[in-house]
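Here are some notes for a colleague who is opening this structure for the first time.

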Amino acid sequence: MTSLIDCFFLLMIFFLLTIQFQAPEGVLQNRLPQTDAPGGAQLQQDVEIVKLRIKLAITGSEQPKIYLQERSIASYDELALYLGKLPDDILLVIEPEPKVPYKYVIGAYNTCLKAQRRNIVFAVRQG
Amino acid sequence: MRAYRKRPWSSLWLNVTPLIDVIFLLNIFFLLTINFSDVISRSISLPKADEAQAADRRVPGRIAVTIKSADAVFVGARSIPLSDIEAGIAEVLVEHSLDPQKTVIQVLGDENLPYEVVQTVLQKAARRGISRIEFSALIEPAQPLSKEIGK
């Protein structure tokens, strides 16, 4: 019995040391724009397109800047504010620069969803 | 001859049964909740998004694409070079007889990954006729855009 208890103690110590309290995982759903493949989603032509461009600052600060059309946006809150003012039938195209860290792309997309925008697509290079 | 006197503390005995019970329960809890997910085993730090919702498990076809870096891309459990990702996705579609229209690509990307890598995956998925995409994220407030804003 003693060795069994020892074993369980060791197991418990292992679990206590390795446990990770990680936040639950979820998903952000999206649809890809038109493709040259048959059956690819077609980009809606009857809606106005507002390009949401995300690019890294040239200053080398590693912090990206968001541009909504030509307007520079300083924070996600500001982005949500501007998005809230746009008409509902506008299609947002998220077009990040290649070197932008993925987390900021997801952050921007998350803000779009938070602002109740539903017509959002990610730009995909042709070819 | 001195009479033997039983020492009073000799009868004291620690009852370990409830202690063992608790340890057993803890072990059962840990054994049931331990998570050997791909994300943890591949040391991927998912981005944070508080608008993320639990994935719909009823989706008939879901292809998980895990991207740790441009050199470490996995389709399901298979390691595939980024340049061959389209072939890898096509292979899974054929293998599991999945309809591209109903198939979902679940992107599990590291938060510090350059977007161009994710874009390549999206582009290749689109070329295979897949349009439904899911970006995996931790359900937490997103990281602020700049340090000043986070204060």
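Predicted model: local features only at pLDDT ≥ 70, side-chain atom pairs only at ≥ 80, totals over all residues.

Notes on the two chains

1. Leu32(A) and Ala74(A), which are 42 residues apart in sequence, are 27 Å apart in space from C-alpha to C-alpha.

2. Strand E1 of chain A, residues 25-31, pairs with E5(B) in the antiparallel sense over 7 bridges. Within that pairing, Asn30(A) has Ile133(B) of E5(B) as its bridge partner.

3. How many strands form the open sheet, and in what order do they come? There are 6 strands, running E1(A)-E5(B)-E4(B)-E1(B)-E2(B)-E3(B), and the pairing is mixed. E1 of chain A and strand E3 (78-79) of chain B stand at the edges, and because each has a single partner strand, one side of each is left without a neighbour in the sheet. Elsewhere in the sheet, strand E1 of chain B, residues 61-69, pairs with E4(B) in the parallel sense over 7 bridges, and here the bridge partner of Ile63(B) in E4(B) is Ile105(B).

4. Turning to the contact between the chains, 59 residues of chain B are in contact with 56 residues of chain A. The area buried between chain B and chain A is about 5200 Å², and carbon and sulfur atoms give 63% of that area. Of the area that chain B buries against chain A, 16% is supplied by Tyr115(B), Phe135(B) and Leu145(B), which is more than any other three residues supply.

5. Between chain B and chain A the count is 2 salt bridges, and Glu116(B) forms a salt bridge with Lys99(A), in which the closest N and O atoms are 2.7 Å apart. The count of residue pairs in polar contact between chain B and chain A, with both residues at pLDDT 80 or more, is 19. The elements that give two or more residues to the side of chain B that touches chain A are helix H1 (17-33), helix H2 (38-41), strand E4 (103-109), helix H4 (115-127), strand E5 (132-138) and helix H5 (147-150) of chain B. The largest share of that side, 10 residues, comes from H4(B), and the residues of the side as a whole divide into 34 nonpolar, 14 polar and 11 charged.

6. The side chain of Asn27(B) reaches the backbone oxygen of Phe8(A) at 3.3 Å, and, leaving aside residues up to four places away in sequence, Asn27(B) touches Phe8(A), Leu11(A), Met12(A) and Phe15(A).

7. Just after H3(B), Ser97(B) takes a positive phi of about 50 degrees.

Note on methods: Residues numbered from 1 in each chain as written. Chains lettered and ligands numbered in written order. Heavy atoms only, no water. Contact = heavy atoms within 4.5 Å. Buried area = accessible area lost by both parts, 1.4 Å probe. Salt bridge = Lys/Arg side-chain N within 4 Å of Asp/Glu carboxyl O. Polar contact = N/O pair within 3.5 Å; in protein donor to acceptor, adjacent residues only side chain to side chain. Helix = DSSP H or I, 4+ residues; strand = E, 2+ residues; numbered from the N terminus. Nonpolar A, V, L, I, M, F, W, Y, C, P; charged D, E, K, R; others polar. Pairing = 2+ DSSP bridges.
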